[in-house]
Amino acid sequence: MKKIIFSLAAMLALSCSFISCGNDDDNDITFSTTPEKAAAGTYSGNWTISSDTETVGEGEGTITIAPTSTPYNADITIEGSFSTTSLNVNATSIANISHANNGFVFNNNNDKNPLGTSFTGKIDESGVIGVNFVKEVRVGRKQYKYYYTFLGKKN
């Protein structure tokens, strides 16, 4: 009798170890297209340029995202005009782009790209884009480090 009770207790203990967790797939986000196609378009907004100590300039500009033939890569065209022409930006560079939450993130960490510096950007779920990069600019004989920040919305 002791063997039967011991065997039943062992089987009960063993059967409790096979309980599984619930399915967490209910929160998975699915996307109908690749990010470079979904984020494509022209975003208009404002640039702010600052140095380590002050805001240097503000201006209007655009960021254009165009899909490439390679998934998760896009051509990013960055344009901005300022009263000091040496601070102007106008370059197209390839960037990695991916889904992030309900928006997108993109970047190019190679400072040898046509912009001349690495850059990062984010597009949130409402279509607001933010781009940041640091660029060294020669003004006269001096070299200055400027922090470029763009904030805009899809046209």
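1. Strands here are DSSP runs of E, at least two residues long, numbered from the N terminus, and two of them pair if DSSP finds at least two bridges between them. Within this pair, Val139 stands opposite Lys142 in S8.

2. A word on what you're looking at. This is a predicted model, where local features need pLDDT of at least 70 and side-chain atom pairs count only at pLDDT 80 or more, while totals for chains, interfaces and linings use all residues. Residues are numbered from 1 along each chain as its sequence is written, and side-chain values use heavy atoms, with hydrogens and water left out.

3. Now the overall fold. Eight strands make a closed barrel in the order S1-S2-S3-S4-S5-S6-S7-S8, with antiparallel pairing. From one strand to the next, the twist averages 30° (axes are lines fitted to C-alpha atoms, and angles run from 0 to 180 degrees between N-to-C directions).

4. Tyr148 deserves a click. At 1% relative accessibility, Tyr148 counts as buried. Leaving aside neighbours within four places in sequence, its contacts (heavy atoms within 4.5 Å) include Trp47, Leu87, Val131, Phe133 and Val137.

5. On to the rings. Phe, Tyr and Trp rings (for Trp, the six-membered one) pair if their centres lie within 6.5 Å; planes under 30 degrees apart count as stacked, over 60 as edge-to-face and the rest as tilted. The count comes to six aromatic pairs. Trp47 and Phe150 have ring centres 4.9 Å apart and planes at 55°, so they're tilted. Trp47 is in S1 and Phe150 in S8, so this pair ties together parts 103 residues apart in sequence.

6. Phe133 and Tyr148 are stacked, at 4.7 Å centre to centre with 15° between the planes. Phe133 sits in S7 and Tyr148 in S8, 15 residues apart. Finally, Trp47, Phe82, Phe133, Tyr148 and Phe150 form one aromatic cluster.

Terms used. Helix = DSSP H or I, 4+ residues; strand = E, 2+ residues; numbered from the N terminus. Buried < 20%, exposed > 50% of the residue type's maximum accessible area, 1.4 Å probe, protein only.
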